[in-house]
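These are my notebook entries on one model, written with the sequence and the coordinates open side by side. I went through helix packing, the sheet and the nonpolar cores.

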Amino acid sequence: MGRIRVLVVDGHRIFAEALATALAAEPDVDVGAAGSAAAAERALERAAVERRPYDVLLVDADLGAVAPPPQRGSVPQPRHLPGAPQHRPVAGQLTRPPAAARPPADGARPPGDGIALVGRACRAHPALRAVMLAVTDDPQRAVRALQAGANGWVARESSLGALMAVIRGVLREETHLPPALLTGVVRELTSARRDRSESERLVAALTPREEEVLRCMVAGLGRQAVAERLFLSPHTVRTHMQNVLGKLGVHSTLAAVAVARRAGIAPSEPPSPPAAPAPVPPPTVASTAGPGAG
């Protein structure tokens with residue numbers, strides 16, 4: 001294997017610099033760093049254009065989490081990376097707590113979070129391997145990360161040697177999870193598979209026409225739009241929608257769409273425009289010559 005190109009993505013500058021410095025000390029590792037999802041995507045695209053693509057993406061699972069207003073007069077406490085050089089903070093500078101201490105108020109993750117970044121990056125760069133750096137072991141988020149394309153979930157306090165072992169492992173097509181997280185991940189995947197099987201059973205009870213209506217609902221179409229697409233009356237569509245909700249055992253279109261997605265139902269596609277008729281060549285006029293012509 002040649003040199004390994006790693007891109008570190010972390011909104012905490014001191015930690016990102018410490019990690020990048022530690023990794024760069026490895027004889028076969030080249031390291032880049034980015035402080036946001038947008039900067040990471042630009043770096044990945046630029047490296048691909050230059051034909052020097054990154055091999056591994058190390059991403060803060062809490063990237064983009066909202067921080068409270070910074071406070072003056074306190075000494076920053078960067079998250080420790082064993083084996084990495086320590087940066088001496090400047091007294092009085094602005095500081096903010098680590099991402100784990102500042103989750104969004106409603107528990108939702110922002111659009112620019114680390115898992116969303118991994119999903120976009122792995123779709124745009126299929127050969128890329130991604131590893132999440134996390135403060136806590138969260139089976140639900142780990143499953144989301146794996147489904148997005150991540151190959152590993154690593155605790156921030158891991159030693160440099162352990163982190164390098166994971167980096168080299170994912171390049172061998174291995175998936176790395178902490179032993180303490182594995183049981184929870186398996187449980188989440190089993191539950192998701194059970195939910196999918198139940199959703200598939202419910203959808204299988206629909207008639208072909210009801211399934212067409214459900215696909216339109218998944219596509220976000222309202223009753224009138226469904227009627228126009230399927231060449232039905234709005235009253236007929238309303239009846240089909242009521243039948244779909246009843247057979248799926250739900251009480252809203254949103255819940256029906258959730259069941260459909262778990263069952264793998266794709267959204268309805270708009271009909272293709274009719275092909276233009278082929279041009280008709282002009283009739284060929286045969287020339288006739290009278291007797292003695294020429």
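**Helix pairs**

I looked up H8 and H9 and found them roughly perpendicular to each other, a class that covers angles of 65 to 115 degrees, with under 35 counting as roughly parallel, over 145 as roughly antiparallel and the rest as oblique. Helix H8 (residues 223–230) and helix H9 (residues 234–248) pack at about 110 degrees, and their axes lie 9 Å apart. I take axes as lines fitted to C-alpha atoms, for helices over the stretch in contact, with angles running from 0 to 180 degrees between N-to-C directions. Helices (H or I, at least four residues) and strands (E, at least two) are DSSP runs numbered from the N terminus.

I note that this is a predicted model, in which local features need pLDDT of at least 70 and side-chain atom pairs count only at pLDDT 80 or more, while totals for chains, interfaces and linings use all residues. Residues are numbered from 1 along each chain as its sequence is written, and side-chain values use heavy atoms, with hydrogens and water left out.

Which residues make the contact of H8 and H9? I listed Arg223, Gln224, Val226 and Ala227 from H8, and Pro234, Val237, Arg238 and Met241 from H9, contact meaning heavy atoms within 4.5 Å. By class this contact has 5 nonpolar, 1 polar and 2 charged residues; Ala, Val, Leu, Ile, Met, Phe, Trp, Tyr, Cys and Pro count as nonpolar, Asp, Glu, Lys and Arg as charged, and the others, Gly among them, as polar.

I then turned to helix H7 (residues 208–218) and helix H10 (residues 253–262), which pack at about 105 degrees with axes 9 Å apart. H7 and H10 are therefore roughly perpendicular to each other. Leu214, Met217 and Val218 of H7 meet Thr253, Ala256, Val257, Ala260 and Arg261 of H10. This contact divides into 6 nonpolar residues, 1 polar and 1 charged.

**The sheet**

I traced an open sheet of 5 parallel-paired strands in the order E2-E1-E3-E4-E5; two strands pair if DSSP finds at least two bridges between them. E2 and E5 stand at the edges with a single partner strand each, so one side of each has no neighbour in the sheet. The twist from one strand to the next averages 25 degrees. E4 and E5 run parallel and are joined by 4 bridges. Leu133 stands opposite Val154 in E5. H1 packs on the sheet and touches E1, E2, E3 and E4, and its direction makes about 170 degrees with that of E2.

**Cores and buried residues**

The largest nonpolar core has 29 residues, of which Leu7, Val9, Leu57, Val59, Met132 and Trp153 touch the most other members. Such a core is a set of buried Ala, Val, Leu, Ile, Met, Phe, Trp, Tyr and Cys residues joined through side-chain atoms within 4.5 Å. Apart from it I found another core, of 23 residues, including Leu206, Val244, Val257 and Val259.

Is Ala43 buried or exposed? Ala43, in helix H2, is buried at 8% relative accessible area, where buried means under 20%, exposed over 50% and partly exposed in between (1.4 Å probe, protein chains only). Leaving aside neighbours within four places in sequence, Ala43 is in contact with Leu7 and Tyr54. Its C-alpha atom is 9.3 Å from that of Pro53, 10 residues away along the chain.

In helix H5 (residues 160–170), I recorded Leu160, Leu163, Met164, Val166, Ile167, Gly169 and Val170 as buried.
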